[in-house]
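These are my notebook entries on a structure that I had not examined before. I set down what I looked up, entry by entry.

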Amino acid sequence: MKFVAKTLYGLEKVLAEELTSMGASDVETVNRAVLFRGNKDLLYRVNYCSRTALSVLMPVGDFRIRSKDDLYKGGLKIEWDRIMEASDTFSVVPVINSPHFEHTGYAGLILKDAIADYFRNKQGKRPSVDTMDPTILVNLHISNDQVTISIDSSVIPLFKRGYRQEQAVAPLNEVLAAGILLMSGWKASSSLTDPMCGSGTIPIEAGLIACNVPPGKFRKFFGFQRWKDFDAELFNKIRQECNEKIGLSPVKVCGSDISELAVNQSMGNVSRAGLSDVISIKVCDFKDLKSTDNNGYVFLNPPYGQRLQPDELDGLYGMIGTTLKHNFPGNTAWLITSNKESLKKVGLKPREKHTLFNGALECTLLKYEMYQGTKKHENF
Ligand SMILES: C[S@@+](CC[C@H](N)C(=O)[O-])C[C@H]1O[C@@H](n2cnc3c(N)ncnc32)[C@H](O)[C@@H]1O
């Protein structure tokens, strides 16, 4: 079976590695997605265990069009009765970049008609559309004249882990936080600090990695559970097998924030993730924080600037550089922000630079290595 795992821009490689380690074959990275092959077991496993997939789609139709009409004809050829019953509900999500369609919604309507007519022609009754809670979520992707029709096996995006019910201003997407951790080279044998932890996304994703907790453990629902061929016994077996591998964390993960509200919110989220024994959270201004480990990792997601004046923001980013230099010798620091201007005020030379997206927001991820005596203003 062919699958498409969608992810955030910049995380394709790390997702491909995850899929390969789970047993996927023919793994191929494309823009914001990874194509792979596998069986039903792998489909369930990826949904339950992948830290960097946003959703997993199963293509059911793939064809070229020369007109709008061709979309209807192609849609009608798919054996929809192998996928759903006439008594089921469905919804179509169109993602269109094609000269054949000026309006994305119109392409979705054509496919909806094709699905309804397929059943009406064959069985004399048709499935209803339910955009809020459909049995089957159909993804329609058209790029120029290439159409791919898929069924979404996740439905609720996989970044919605279920533990984050309280969130601070500008929280990181959970998939992005996990992706940064997996890209960073951090292993659960090194201590980890997030000194601007907000709602605690980075410490929680780190805690889940350290304890080998599947990120799907807190979710109540995956789209494939409503599929006609859903194998509940297989899914229970996979869940049990993965949950049995949960262990104790070899390291303590720390989070802190200047805001008492953010600290309270992250403590609630940590507790919902079952990680209160692994993660400690406290109120602290970053400038007052000192590393107790000369080989630790620091992950920073400072404010982007929505609520601060430009000079306050420059001061904050300048303080980050000074504090890293003086208080975190020997540590590796990763910083992600969308504020490119303030970033220059950090004044440390980055060893790596990556472009990532937090939702629609373009961000820069930088790696700094703090040697004893790292020169601030060495250059940028
Ligand atoms: C972009 S938010 C972090 C969001 C977080 N990664 C999450 O997923 O929820 C930035 C955080 O930096 C905190 N902050 C701002 N100045 C700080 C300082 N001097 N020391 C510590 N935390 C600070 C803010 O209170 C805010 O929670």
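**Entry 1: Helix α2**

I began with helix α2, whose buried residues are Asp41, Leu42, Leu43, Tyr44, Arg45, Val46, Asn47, Tyr48 and Cys49. I noted that the model is a predicted one. Helix α2 is mostly covered, with nine of its ten residues buried. I then asked what covers the buried residues of α2. The cover includes the strands β1, β3 and β4, together with the helices α1 and α7.

**Entry 2: The chain as a whole**

I compared the radius of gyration with the value for a compact globule: 380 residues would give a radius near 21 Å, and the protein chain has 23 Å, which agrees.

Of the 380 residues, 53% are buried. I also looked up the contacts with a separation of 6 or more, and 78% of them join residues 24 or more positions apart. The accessible surface of the protein chain is about 17500 Å², and carbon and sulfur atoms contribute 48% of that surface. For the charges, I recorded 47 positive and 43 negative ones, with mean positions 2 Å apart.

Strand β2 (residues 25-30) pairs with strand β3 (residues 33-37) in the antiparallel sense, over four bridges. Within this pair, Ser25 stands opposite Arg37 of β3. Strands β1 and β3 also run antiparallel, and five bridges join them. Here Ala5 has Val34 in β3 as its bridge partner.

On to β4: three bridges join β1 to β4, and these strands run antiparallel. The bridge partner of Val4 in β4 is Leu57. Strand β4 (residues 55-64) then pairs with strand β8 (residues 146-152), in the antiparallel sense and over seven bridges. In that pair I found Gly61 with Ile149 of β8 as its bridge partner.

I looked up which residues of helix α1 (residues 12-21) are buried. They are Glu12, Val14, Leu15, Ala16, Glu18 and Leu19. The cover over the buried residues of α1 includes β1 (2-6), β2, β3, α2 (40-49) and α5 (174-184). Just after α1, Gly23 takes a positive phi of about 105°.

Arg32 is one of them: it is not a glycine, yet its phi is positive, at about 60°. Arg32 lies in the loop between β2 and β3, and that hairpin has two residues between its strands. Is Arg32 buried, partly exposed or exposed? Its relative accessible area is 47%, so Arg32 counts as partly exposed.

Asn212 also has a positive phi, near 60°, and is a residue other than glycine. I located Asn212 in the loop between α6 (201-210) and α7 (232-244). With a relative accessibility of 40%, Asn212 is partly exposed.

**Entry 3: Ala114**

My last entry concerns Ala114, which is found in helix α4 (residues 104-123).

I then asked which residues Ala114 is in contact with, leaving aside its neighbours within four places in sequence. They are Tyr72, Gly75 and Leu76. I also looked up Glu85, which is 29 residues from Ala114 along the chain. The C-alpha atoms of Ala114 and Glu85 are separated by 15 Å.

How values were computed:
Residues numbered from 1 in each chain as written. Predicted model: local features only at pLDDT ≥ 70, side-chain atom pairs only at ≥ 80, totals over all residues. Heavy atoms only, no water. Rg over C-alpha atoms; globule rule 2.2 N^0.38 Å. Buried < 20%, exposed > 50% of the residue type's maximum accessible area, 1.4 Å probe, protein only. Contact = heavy atoms within 4.5 Å. Areas by Shrake-Rupley, 256 points an atom, 1.4 Å probe, with all protein chains shown as cover. Lys, Arg positive; Asp, Glu negative; His and termini not counted. Charge placed at Lys NZ, Arg CZ, Asp CG, Glu CD. Pairing = 2+ DSSP bridges.
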